[in-house]
Amino acid sequence: NYLLLLLLLSVGVSAVEIQRPRGVPLSKRQFYEEGKPFTCLDGTRTIPFDRVNDDYCDCHDGSDEPGTAACPNGSFHCTNAGFRPAFIPSSRINDGICDCCDTTDEYNSGATCQNTCRELGRKEKESLQKMAEIAKEGFLLKQQIIQEAKRGLEDKKAKLADVQTSKKDLEDRVEALRIVKETAEQPEKEAKERHLKAWEEEKAVIRMEKDKARMAEVFLELDDDADDFISVAELLSHSELDPDSDGSFTEAEAQGLLGGVDKVDTVAFESVWNNIKEKYISEANADTPAPVETPQEEMREPEEEEEDEEDEDDDPDEADYKVSPLKKKDDDNEGTMPPYDQQTQTLIDSAQKARNEFDEAERALREVDDQIRNLEKEISFDFGPNAEFAYLYSQCYELSTSEYIYRLCPFNRVSQKPKYGGSETNLGTWGKWAGPEDNVYAMMKYEHGTGCWQGPNRSTMVKLTCGKETVVTSTSEPSRCEYLMEFISPAVCQEPPSLDFGAHEHEEL
Amino acid sequence: MFNLRAGGQGLSRMAPVLLLWLAVSLSGTLAVDRGNFKTCDQSAFCKRQRALKPGESPYRALLETMELTNTRLTLQLINDNNKVHLLLELYRLQGNITRVKINELKPLKPRYEVPDVLIREPPTEPLSLLSQDENGVVLSLGAESQRVIVSARPFRLDIMEGRDVLMSLNSRGLLAFEHLRMRKDTQADPEAEKKEDTDPANQAETAKEEEEKVEDGMWEETFKSHSDGKPNGPSAISLDFSLPGVEHVYGIPEHADTLRLKTTDSGDPYRLYNLDVFQYELYNPMALYGAVPVMLAHNAHRTTGIFWLNAAETWVDISSNTAGKTVFGKMLDYVQGSSETPQTDVRWISESGIIDVFIMLGPTPKDIFSQYASLTGTQSFPPLSALAYHQCRWNYNDQEDVQTVDAGFDEHDIPYDFIWLDIEHTDGKRYFTWDPHKFATPKEMLQGLVDKKRKMVAIVDPHIKVDSNYKIHNEIRSRGYYIKNKDGGDYEGWCWPGSAGYPDFTRADMRAWWASMFAYDQYEGSMENLYTWNDMNEPSVFNGPEVTMHKDAMHGAWEHRDVHNLYGFYVQMATAEGLIQRSGGVERPFVLTRAFFAGSQRYGAVWTGDNAAEWDHLKISIPMCLSLGLVGISFCGADVGGFFKSPSTELLVRWYQTGAYQPFFRAHAHLDTPRREPWLFGPENTALIREVVRQRYTLLPYWYQQFYHAHQTGQPVMRPLWVEYPQDPATFALDDEFLIGRDLLVHPVTEEGARGVTAYLPGKDEVWFDVHTFQKHNGAQNLYIPVTMSSIPVFQRGGSIIPRKLRVRRSSTCMEHDPYTLYVALNPQRTAEGELYIDDGHTFNYEKKEFIHRSLSFAKNILSSANLAPEAQFSTRSWIERIVILGASKPSKVTLKTAGGQESQLEFEFDASMSVLTLRKPGMNAGVDWTVTLQ
């Protein structure tokens with residue numbers, strides 16, 4: 001039940017013998033004293049020493065069987081000389097699978113294990129060295145990045161101050177121009193209203209004259225016998241004038257329209273005309289059908305494609321186009337409004353100029369506001385304790401796989417685009433730093449990407465590791481629509497500790 | 001697996017035309033679309049047959065045609081309405097089984113008789129004539145004054161024992177046999193018409209027959225734009241069975257329904273038609289993925305069974321004269337003595353083929369299992385590792401993912417044996433291939449698993465991508481192995497790969513070729529630790545009627561209509577054969593199938609298909625697997641966690657706790673669900689899952705022994721309580737608890753937020769021991785058990801001995817040489833019995849008597865191990881490390897005596913509070929004789 005450990009030190013000059021029960025780490029050696037009763041490490045019971053590692057579990061905590069698989073919760077210590085010592089669950093002792101690189105876990109299973117500790121140690125040393133070099137270089141880069149970020153931050157703060165000053169000037173200018181504009185617009189408005197009113201009056205006169213002319217025309221049309229009187233009989237030929245529209249236009253009804261008399265002259269017809277002009281259909285037009293409206297097809301033609309339709313909706317000309325046939329008719333009858341007189345036009349021009357100047361100033365102010373917002377956002381953004389991640393802001397990094405091009409724009413969004421055609425899919429927009437509590441900057445979370453069918457919105461975790469370059473190294477989709485991206489950057493490099501590779505080889509001896 | 005999705009990366013890879021089809025045919029519903037599946041009314045033959053009401057049968061036995069030989073009786077039946085003659089064959093089979101076959105005497109062309117399901121032509125026993133007159137014939141069935149009475153007018157069969165009628169056939173006059181006929185509108189049969197015309201007595205009937213002939217759906221039928229041309233015309237068959245004294249019937253899986261079958265008067269009959277039902281609903285008689293046309297009838301005195309050997313679409317109606325009565329009403333009947341005998345009436349309707357029915361007369365449940373096993377065989381004996389835990393997901397993305405998940409189990413110290421790959425592992429859904437990017441070096445991956453003594457299952461579905469660059473397709477096409485459409489071309493349907501052909505697995509030459517594709521030099525990237533999963537083998541045809549194949553597709557001379565329910569059976573048969581052959585006949589196969597039929601138990605495991613992460617789906621897993629066990633298929637499980645949707649943590653843990661005590665224990669998840677490996681739900685839940693998976697592993701010796709028994713005898717592994725307590729009516733409808741073998745009773749917690757469960761512990765003079773606390777409870781009581789999240793109420797029967805291996809390792813194979821702990825639970829008579837079965841765990845060498853089978857018994861304070869198979873030879877390194885005796889008293893001395901006569905004193909501990917005696921490290925080899933004496 002004993003393990004005789006014969007360990008050759010790397011220096012190779014001396015050999016050391018250490019006796020302790022199999023599977024016990026050096027740190028617990030004092031609890032296992034040969035020949036003395038063993039007390040389970042949880043203190044629950046004491047057993048004779050020959051029951052330690054006798055392949056039967058006596059202690060609830062498994063401490064009596066560190067070197068056998070008898071206890072379900074035991075653990076076995078591999079010394080792994082040349083590499084790192086380790087604990088494995090005691091259920092892995094003699095299960096035919098080599099777990100400890102020093103092969104000590106398979107002492108009775110028939111498994112042929114090779115001692116790989118030295119090789120592993122060498123490889124680990126190499127990789128640790130390599131990593132340390134990277135970390136060292138990366139850390140140096142990080143210092144530069146931090147300096148740059150500092151400078152960048154100062155620049156931005158200075159710029160913000162500048163812009164804020166210029167904003168003040170702009171605000172004053174906007175206010176001044178607003179007054180100029182309003183001052184210019186008042187006389188413009190009055191002059192335009194005057195002009196419009198005059199035009200309306202003129203139109204009313206024209207309409208009245210037209211009506212009179214039509215009345216005369218109709219009189220002539222109705223006066224079939226040309227006796228300068230309209231008689232009941234003459235009126236009856238126009239069945240559309242039937243007052244109750246019941247299909248029979250009686251003489252009594254016609255007489256009623258004529259004001260209770262049998263016939264009227266041109267003067268009396270004036271009052272009759274007012275009653276019938278809405279219904280009256282000119283004999284000249286009666287046989288020819290009303291002009292056919294613009295064919296619908298023509299109107300619909302531009303709607304063929306969805307995208308176009310959207311555009312049209314935003315196009316104000318479209319509305320004009322649609323109503324124009326009606327407008328046109330009015331214009332034909334009443335003519336177009338005469339141009340503004342010189343004085344009014346001058347007022348309008350100067351008001352327009354004031355408006356343009358005001359709009360321009362306002363636009364400039366908005367731009368400055370945006371600039372300030374962006375600067376403030378960037379200045380207050382959490383770019384890490386030393387703003388070491390600031391250099392990633394407004395950058396994008398791509399990784400091409402066999403099927404897709406993945407694109408990471410830090411603090412903005414992650415996306416995926418098929419290599420051979422197809423549209424881009426949003427894999428998430430910037431959410432937050434999402435590393436573990438003690439290292440929150442080790443992970444970024446991008447969320448609320450394009451929704452998945454019957455599933456969640458896509459999201460991406462970006463895992464940051466130390467490297468000399470800034471590059472996306474891999475992407476995967478460990479769970480449906482939840483992506484994982486590996487990203488290396490000097491910004492996460494930690495100051496490398498002073499290295500002592502030999503140390504762990506000795507700690508057990 | 002069935003799914004429609006349009007998210008993630010998959011969408012852009014799907015063929016545009018498939019996308020179009022998806023968009024057209026499925027507009028976003030989530031639950032089962034009942035409209036996609038036929039009701040009886042929409043299935044022309046069912047509607048036609050169900051329209052017939054009980055009454056006097058038009059069939060008459062022509063006694064003068066009777067011929068009785070040593071092995072069978074034959075006589076003709078005539079339908080007085082249409083004068084068609086049928087041939088009745090009656091056999092008495094060994095083991096108390098009566099076989100009744102009815103076919104047309106002279107069918108226009110042969111009618112389909114199901115091949116390959118019976119393991120052999122069942123051996124017969126002589127029938128003897130007891131009496132005969134013009135009314136009928138009485139034949140002796142040999143044992144126990146059993147006889148069968150053939151009545152002539154109308155024709156009926158009654159099977160009697162003494163004065164009791166056990167079962168009657170055609171007693172309600174529902175025997176119907178649609179004879180094959182020429183289509184009247186194309187070619188008339190002048191002979192028949194002339195005959196009918198000249199017989200005035202038959203004119204009424206002739207008119208009636210004419211009426212029948214114009215019914216819809218006889219010569220063609222359409223369902224949702226799918227047309228079923230029926231060149232053979234109507235061919236349905238139907239027969240009724242009356243079961244006097246029976247109020248409980250079971251079986252006819254697969255349905256998502258209670259264990260005890262319900263009456264069907266107020267709705268559709270139970271349907272047997274293998275279908276890929278997307279998001280199936282619970283508690284209804286709709287058909288699911290598999291069909292076993294076997295029904296068990298039970299009362300406190302007797303169990304009988306009906307095996308309706310027909311592979312066509314089948315409907316089963318159940319009615320009962322007591323179904324509507326309340327308990328009070330029944331009591332009133334009893335008090336007033338006015339009660340008629342309770343009776344259940346059953347009626348089977350099939351679309352084609354012949355009537356071939358096996359009446360199993362029990363009388364005990366165990367006898368029924370043996371009788372059925374003598375016809376269709378027993379459960380295949382799985383490799384031991386297949387009884388361990390399986391980790392599945394649609395899909396593990398790539399080799400790295402597989403490696404990460406594998407490492408996750410080690411990191412969290414949870415054992416598992418199999419990791420599974422679903423369809424995405426293939427190169428474009430071409431089975432037998434690997435995705436060249438994601439699974440570029442499958443052998444490397446498999447070797448990684450071999451190094452951990454673990455295994456893998458990869459899916460191989462029966463639909464084959466139509467692609468001239470695909471070897472499998474080219475071979476099948478050039479050999480003419482595809483199922484043909486009605487016009488003679490290769491049948492093509494839509495499935496995962498897009499357009500796909502379906503190999504004709506009903507052909508023996510096709511199956512042999514398929515099996516040869518599993519050879520290591522054919523199936524590239526395969527290794528001995530790669531096993532197979534047959535999904536979609538109903539067969540699933542996305543654009544076919546009811547998501548399956550057109551019934552007028554052709555399998556050689558037979559229509560798909562005739563063989564439909566057999567397709568999945570054959571797929572698994574051929575695949576299992578392939579796995580056997582690749583190892584030169586040495587290794588046991590492991591094949592999981594979704595579709596199945598009677599006899600499928602011989603080829604591997606089944607699971608309950610695409611369930612959902614809902615509590616009711618967890619509950620239904622129990623009756624669904626119990627029903628399968630009753631009809632021979634013991635290796636059953638449900639997707640742990642639920643396939644569709646994402647389970648709550650509580651549901652997932654409860655599902656693990658339930659699944660760990662069901663025969664096939666596999667976690668599975670839909671592609672669109674978040675990952676759910678056991679360690680993703682916080683350390684507390686990881687610990688709960690670890691604990692229950694470990695419990696499964698400690699019990700593997702017992703599970704293995706149960707499967708050995710199932711393989712030897714046909715007894716189910718997972719059993720309803722009534723099977724072991726057939727005289728206790730309190731057990732007859734229980735389906736929220738079950739037995740494993742006869743010694744472990746499990747009442748899983750299947751209620752959300754449960755604080756306790758009430759378990760019925762059967763057996764008036766029995767005791768049961770809580771396996772976790774060792775507390776003893778009396779039988780024949782409803783026991784309330786308070787539960788927490790870690791509770792899994794499991795009880796060991798007093799009187800049993802259960803071997804466990806308490807050293808749980810990374811995989812079952814790692815535990816091979818580990819020692820046993822024997823749990824001896826004493827009954828009130830202070831005795832107990834059990835067994836220990838050991839073999840190499842994975843080869844067929846047990847057939848060559850390379851195993852250890854020992855009986856363990858405790859009586860008179862002596863526990864002994866005796867050889868049950870002295871002719872068998874096997875040696876094990878396993879030994880007995882501990883014996884735990886429950887319900888013991890404290891001895892003063894414990895002595896171990898081994899075969900050599902050596903005696904030694906054993907140390908022991910006694911826990912007086914629970915009366916548990918633990919014997920420390922007796923140490924004898926598990927394969928030898930020994931006794932342990934308590935003094």
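Helix α16 (residues 682-698) of chain B has 17 residues, which at 1.5 Å a residue should span 24 Å; its end C-alpha atoms are 24 Å apart, so the two values agree. This is a predicted model.

The buried residues of α16(B) include B:Leu688, B:Ile689, B:Val692 and B:Val693. What do the buried residues of α16(B) pack against? Their partners in chain B are β22 (389-391), α15 (649-659), β34 (665-667), α17 (700-713) and β43 (800-804).

Helix α7 (residues 365-376) of chain B has twelve residues. From first C-alpha to last, α7(B) reaches 17 Å, close to the 16 Å expected at 1.5 Å a residue. Its buried residues are B:Pro365, B:Ile368, B:Phe369, B:Gln371, B:Tyr372, B:Ala373, B:Leu375 and B:Thr376. Just after α7(B) comes B:Gly377, with a positive phi of about 90°.

## A buried threonine

B:Thr731 sits in the loop between α18 (721-724) and β36 (738-740) of chain B. Is B:Thr731 buried or exposed? Its relative accessible area is 0%, so B:Thr731 counts as buried. The B:Thr731 side chain reaches the backbone oxygen of B:Tyr725 at 3.4 Å. Setting aside neighbours within four places in sequence, B:Thr731 is in contact with B:Leu721, B:Trp722, B:Tyr725, B:Tyr760 and B:Pro762.

## Salt bridges

Over all chains, the count comes to 91 salt bridges. Four of them are tabulated here.

| Pair | Closest N to O distance |
|---|---|
| A:Asp58 and B:Arg920 | 2.6 Å |
| B:Arg48 and B:Glu178 | 2.7 Å |
| B:Glu221 and B:Lys38 | 3.4 Å |

Take the salt bridge between A:Asp58 and B:Arg920, at 2.6 Å. This pair crosses between chains. A:Asp58 lies in the loop between β4 (46-47) and β5 (75-78) of chain A, and B:Arg920 in strand β52 (residues 916-920) of chain B. Why does A:Asp58 count as buried? Its relative accessibility is 5%, and the cut-off for buried is under 20%. B:Arg920 is buried too, with a relative accessible area of 13%.

B:Glu221 and B:Lys38 form a salt bridge at 3.4 Å. The pair links distant parts of the chain, 183 residues apart. B:Glu221 is in strand β12 (residues 220-223) of chain B, while B:Lys38 is in the loop between α2 (16-25) and α3 (44-51) of chain B. At 8% relative accessibility, B:Glu221 counts as buried. B:Lys38, at 11%, is buried as well.

B:Arg48 and B:Glu178 form a salt bridge with the closest N and O atoms 2.7 Å apart. B:Arg48 lies in helix α3 of chain B and B:Glu178 in the loop between β11 (176-177) and α4 (190-198) of chain B, so the pair ties together parts that are 130 residues apart in sequence. Both B:Arg48 and B:Glu178 are buried. Elsewhere, salt bridges with shared partners join B:Asp228, B:Arg271, B:Glu313, B:Glu351, B:Glu546, B:Lys551, B:Glu559 and B:Arg561 into one network.

## Chain A and its interface with chain B

The secondary structure of chain A comes to ten helices and 16 strands. Chain A has 509 residues, of which 34% count as buried. Among chain A contacts between residues at least 6 apart in sequence, 44% join residues at least 24 apart.

At the interface, 35 residues of chain A are in contact with 38 residues of chain B. The area buried between the two chains is about 3,100 Å², and carbon and sulfur atoms give 38% of that area. Which residues of chain A lose the most area to chain B? They are A:Tyr56, A:Trp453 and A:Arg480, together 26% of what that side buries.

How many salt bridges cross this interface? The rule finds nine. It also finds 17 residue pairs in polar contact across the interface, with both residues at pLDDT 80 or more. Strands β10 (404-409) and β15 (471-479) of chain A each supply at least two residues of the side that touches chain B. The largest share, three residues, comes from β15(A). By class, that side of chain A has 15 nonpolar, eight polar and twelve charged residues.

Methods. Residues numbered from 1 in each chain as written. Chains lettered and ligands numbered in written order. Predicted model: local features only at pLDDT ≥ 70, side-chain atom pairs only at ≥ 80, totals over all residues. Heavy atoms only, no water. Salt bridge = Lys/Arg side-chain N within 4 Å of Asp/Glu carboxyl O. Helix = DSSP H or I, 4+ residues; strand = E, 2+ residues; numbered from the N terminus. Buried < 20%, exposed > 50% of the residue type's maximum accessible area, 1.4 Å probe, protein only. Contact = heavy atoms within 4.5 Å. Buried area = accessible area lost by both parts, 1.4 Å probe. Polar contact = N/O pair within 3.5 Å; in protein donor to acceptor, adjacent residues only side chain to side chain. Nonpolar A, V, L, I, M, F, W, Y, C, P; charged D, E, K, R; others polar. Expected span 1.5 Å × (residues − 1).
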